[in-house]
Amino acid sequence: MNWTITEMKTIGKKAFNLNYWKAVVIALIFTMVSAGTSGSYTSGYNNINRLSGQKNTQSNSVTSTQADGQTEVGQGDGAVIDTSDPKSLENSVNNLPVKDRTVINVVMGVMFIVLFMVIVVLIMIINALLINPLEVGVNRFFIKNLEEPAQMPHIVYAFEHNYKNIAKNLFFRDLYTFLWSLLFLIPGIVKTYEYRMMAYLLAENPDMEKEEAFKLSKEMMNGNKMKAFLLDLSFIGWGILSILTLGILSIFFVNPYHRSANAALYEKLRYGNEY
């Protein structure tokens, strides 16, 4: 399928401008909801890092007493440490035998991994149950908007049309992308573009089976992944300007413009539409 980046951006911009305010609001709603989820992930990850950073302040003290409002810890060699003093406690841990310090590091490392995986699972569940269905609704809005001014209720389309199937299919999309990402960054990026059209396909056919959705998306993106990447990259200048305007330009122009151009790409690859 022959298409150009300029063509997709021109089509997207034209459709976006014809239904400007609704497109802005739809894109903004999705951005705010997905950003809230991302913020929760970042906060949880930072908390884990803080927990991990505290591992050197833990000790294997064998006795403790309370005297004069201060806790004292004995380490078996007659030394007494005031645990109200972080530096004193840290020094005590550093003076532990290598074996004991290794045990502490291993335990804290395991805790870090477990907590990290719990956060990843929770984020994937939230994405599956809320973010991904919203993505389908947003995509449906921008697809419909290519032909006529679309209406805002499209954003809840997935919650009213075979919600379970949509949530399941896009959960596996995210899961497979995550697993491929574990093989280093490049495979994850490639799979992201390979699965790019799944949410659009489900926006038009919420009953589509998982295998068919993966198959059609792969076929549509075959030979188009690099061009789609360059389409996204062509918005980087707008992205820089958005940063300079504290995100205002992104809200009122860049984000809905980008989504409209991507909807035009879907229509082109799916049906070969000419506008």
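**A pocket, a helix pair and a glutamate**

Let's start with the second largest pocket of this predicted model, whose lining is made up of 6 nonpolar, 3 polar and 3 charged residues. The volume of this pocket is about 220 Å³. It is lined by 12 residues, and those closest to its centre are Ile 11, Lys 14, Ala 15, Leu 18 and Leu 146. Which element gives the largest share of the lining? That is helix α1, spanning residues 5–18, which supplies 5 residues. As for how such spaces are found, rolling a probe the size of a water molecule over the atoms shows where empty space is left.

While you are looking at helix α1, find Glu 7, which lies in this helix. Along the chain, Glu 7 and Ala 261 are 254 residues apart, yet 8.9 Å separates their C-alpha atoms.

Two packed helices are described by the angle between their axes and the distance between the axes.

To see where the two helices touch, look at Leu 216, Met 220 and Met 221 in α9, which meet Tyr 266, Leu 269 and Arg 270 in α12. By class, this contact has 5 nonpolar residues, 1 charged residue and no polar ones.

Conventions:
Residues are numbered from 1 along each chain as its sequence is written. This is a predicted model: local features need pLDDT of at least 70, side-chain atom pairs count only at pLDDT 80 or more; totals for chains, interfaces and linings use all residues. Side-chain values use heavy atoms; hydrogens and water are left out. On a 1 Å grid over the protein atoms alone, a cavity is a set of points where a 1.4 Å probe fits but cannot get out, and a pocket is an open set with protein on both sides within 12 Å along at least five of seven lines; lining residues have an atom within 4 Å of a point. Grid points are joined across faces, edges and corners, and a volume is the space filled by probe spheres set on the points. Helices (H or I, at least four residues) and strands (E, at least two) are DSSP runs, numbered from the N terminus. Ala, Val, Leu, Ile, Met, Phe, Trp, Tyr, Cys and Pro count as nonpolar, Asp, Glu, Lys and Arg as charged, and the others, Gly among them, as polar. Contact means heavy atoms within 4.5 Å.
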